[in-house]
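Subject: Structure for your review

Dear colleague,

Please find below the structure that I am handing over to you.

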Amino acid sequence: MDTPVPPPAAPAGPRRRDRHGRGMRGPVAPPQVPLAASRAEVFADLVQDSVERLERRWPQLADIDFMVLEVPRLEGSGDGWSDEAVPLGGTIAAREGRPARVVVYRRPVEIRTKGRDERAALVHEIVVEQVAELLGLTPETVDPRYGED
């Protein structure tokens, strides 16, 4: 009498195709690859790179919080938008035990830039300008390369 032969065991390891044999299963890129980073995460990294660049020259920046917000808030109730330009960044003075803050607004910056390099340059300019305002200095004093292309 013939005994049935069991099917071969599946190879140990990740499957390379879906159950119909048509493609990869799972995400296209692992989480540690930049492709998997959201636009907000990439933007936050640009701000952090700029801050780290300035902290080498100005160690007191470690006492300042740097934040990224999507868009600026309307000031006042029911005032609506004015004819002024949309701010790209701002500062919040230290008070009541809270450190000073520098805020960079992501969406207005993204709208004004075309590529990553242009965006990184604009983010750095904004951070330098806001830090200069908090420290009471000129942007050229905070970063001697300020304004250079």
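Helices (at least four residues) and strands (at least two) are taken from DSSP runs and numbered from the N terminus. With that in mind, the elements of this predicted model run α-β-β-β-α-α-α from the N terminus on.

The strands form an open sheet in the order β1-β3-β2, with mixed pairing. At the edges stand β1 (65–69) and β2 (89–92); each has a single partner strand, so one side of each is left without a neighbour in the sheet. On average, neighbouring strands are turned by 20 degrees against each other, direction ignored. β1 and β3 run parallel and are joined by five bridges; Leu 69, for instance, has Tyr 105 in β3 as its bridge partner.

Two helices may be described against this sheet. α1 packs on it, touching β1 and β3, and its direction makes about 155 degrees with that of β1. α3 lies across β1, β2 and β3, and runs at about 25 degrees to β2.

Which residues touch the most other members of the largest nonpolar core? They are Val 109 and Val 127, in a core of 21 residues. The elements that give two or more residues to this core are α1 (39–55), β3 (101–105) and α3 (116–135), and α3 supplies the largest share, seven residues. Beyond its neighbours within four places in sequence, Val 127 is in contact with Val 47, Ser 50, Val 51, Leu 54, Phe 66 and Val 104.

Finally, buried residues make up 25% of the 149 residues in the protein.

Yours sincerely

Technical notes
Residues numbered from 1 in each chain as written. Predicted model: local features only at pLDDT ≥ 70, side-chain atom pairs only at ≥ 80, totals over all residues. Heavy atoms only, no water. Core = buried A, V, L, I, M, F, W, Y, C linked by side-chain atoms within 4.5 Å. Buried < 20%, exposed > 50% of the residue type's maximum accessible area, 1.4 Å probe, protein only. Contact = heavy atoms within 4.5 Å. Pairing = 2+ DSSP bridges. Axes fitted to C-alpha atoms, helices over the stretch in contact; angles between N-to-C directions.
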